[in-house]
Amino acid sequence: MSTEANTQNKNINISLYWKCQLTGWGVVSLLWLYIALIRDQFSVFHALANYVLDVAICIGLTHTYRTIALKAKWNYLNIKKLIKKVTPSILILSILFMLLMNLKMSGHIYLVENKNNFLENLFEWNPVLITGLRHMSIWVLAYHLYHFYNREVNTARANAQLSIIAKQAQLDNLSSQLNPHFLFNSLNSIKSLIIENPKIARRAVDLLSDLLRSSLYEKEDPLIEIKNELSLVEDYVELERLRFEERLRVTIDADDALKNLKIPPLSIQLLVENAIKHGIDKRLDGGLVHISIQEVNGFIEIIVKNPGKLHNENQRGLGLNNLKERLLLQFKGEAQFKIEGLSSKIVKATLIIPIHKK
């Protein structure tokens, strides 16, 4: 019984649009009801019938306009294009308003007052046109202002959420690099190099410094050029080689013509880090991480392959989830990301992003 009651309540619920339509035109038509009763001396029945017709005419005209506007997607037009659509529409609505009001009054004169000048009153241009022009203008402007406001609010909310997620991705990336295990091994490698090879030790300190600086300060833009992202990846890989030595091999296959295209920051670096953490680090003999970047049908296709076996943990990582959220918000569903096992020994991560230049 409770389920049936909930279903009935949902069916009874009226949308905000219809609440505004019924309330707004109902209130406006009260003035015309008053005029019909007091000035035109209508009977109560005829005045109420006239009131219902007034509300129906106004709702019918404006709802028809709304239907056309939604199908033509006028709410997504810029101001100049919208004005070109709205101006003639208001004039047409006003003329139709006048003709329908004349038709209503002509019917009343013909049926109630038994006068035979039906057509004469039907096509009479009168002050009702001004009334229609005023009311239709107010309704159309209010309708588009409401949708414009909602669109701006939604855009601002999406931008704010994107900014938060992007910043969180940077912090998550930095956090994963600054975990005790990473720092312990990196600093121990540098410590041993200070005596054996001071030049390489200085290079390792520079790499670690640049990596942290890039993670904190140089990734504020929502998109960066691929060449800058690859530079960060190379620094990260070079630093990781201090720990893995010959166990870690990385190849990059990317056309120079693509390196000026733009992608979200830390995206390739995150895939490489995931490949090293879940692939190379798990194998005694290490392995090869292969990065491929190419253009496919107007999209940038980034593929990172590494030895290993796909586990659920590869897909549940906070960094990868943040990457998915950023892609969804930034490219509105046009970008794709997936990670799959090609075999029991190879894992493939694929990132597909619409081309964004400058």
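## A buried aromatic group

Y65 and W74 are both buried, where buried means under 20% relative accessible area, exposed means over 50%, and partly exposed is in between, as found with a 1.4 Å probe on protein chains only. These two residues form an aromatic pair of the edge-to-face kind, with 5.7 Å centre to centre and 65° between the planes. Rings of Phe, Tyr and Trp (its six-membered ring) count as a pair if their centres lie within 6.5 Å, and planes under 30 degrees apart are called stacked, over 60 edge-to-face and the rest tilted. Y65 also forms an edge-to-face pair with W139, at 6.1 Å centre to centre and 90° between the planes. This pair links distant parts of the chain, since Y65 belongs to helix 3 (residues 44-72) and W139 to helix 6 (residues 128-177), 74 residues apart. Helices (H or I, at least four residues) and strands (E, at least two) are DSSP runs, numbered from the N terminus.

Y65 has a relative accessible area of 4%, while W139 has 13% relative accessibility and so counts as buried. Together, Y65, W74, W139 and Y143 make up one aromatic cluster, and the structure holds six aromatic pairs.

## How the model should be read

This is a predicted model, in which local features need pLDDT of at least 70 and side-chain atom pairs count only at pLDDT 80 or more, whereas totals for chains, interfaces and linings use all residues. Residues are numbered from 1 along each chain as its sequence is written, and side-chain values use heavy atoms, with hydrogens and water left out.

Five strands form an open sheet in the order 2-4-5-7-6, and the pairing is mixed; two strands pair if DSSP finds at least two bridges between them. In general, strands of a sheet pair through backbone hydrogen bonds, either parallel or antiparallel. The edge strands are strand 2 (248-254) and strand 6 (336-341), each of which pairs on one side only.

Strand 5 (residues 299-307) is mostly covered, with seven of its nine residues buried. Strand 4 (residues 287-296) pairs with strand 5 in the antiparallel sense over seven bridges, and Q294 has E301 as its bridge partner in strand 5. These two strands form a hairpin with two residues between them, and N297 in the turn has a positive phi of about 55°. Strand 5 is also joined by nine bridges to strand 7 (residues 346-354), and the two run antiparallel. In strand 7, V347 is the bridge partner of N306, and T350 stands opposite I303.

## Helix packing and nonpolar cores

Helix 10 (residues 267-278) lies across strand 2, strand 4, strand 5, strand 6 and strand 7, and runs at about 150° to strand 4. For such angles, axes are lines fitted to C-alpha atoms, for helices over the stretch in contact, and the angles run from 0 to 180 degrees between N-to-C directions.

The largest nonpolar core has 43 residues, of which I268, I293 and F337 touch the most other members. A nonpolar core is a set of buried Ala, Val, Leu, Ile, Met, Phe, Trp, Tyr and Cys residues joined through side-chain atoms within 4.5 Å. Helix 9 gives the most to this core, with eight residues. Leaving aside neighbours within four places in sequence, F337 is in contact (heavy atoms within 4.5 Å) with residues including L271, L320, A349 and T350. A second, separate core of 26 residues includes A36, F42, I90 and V140.
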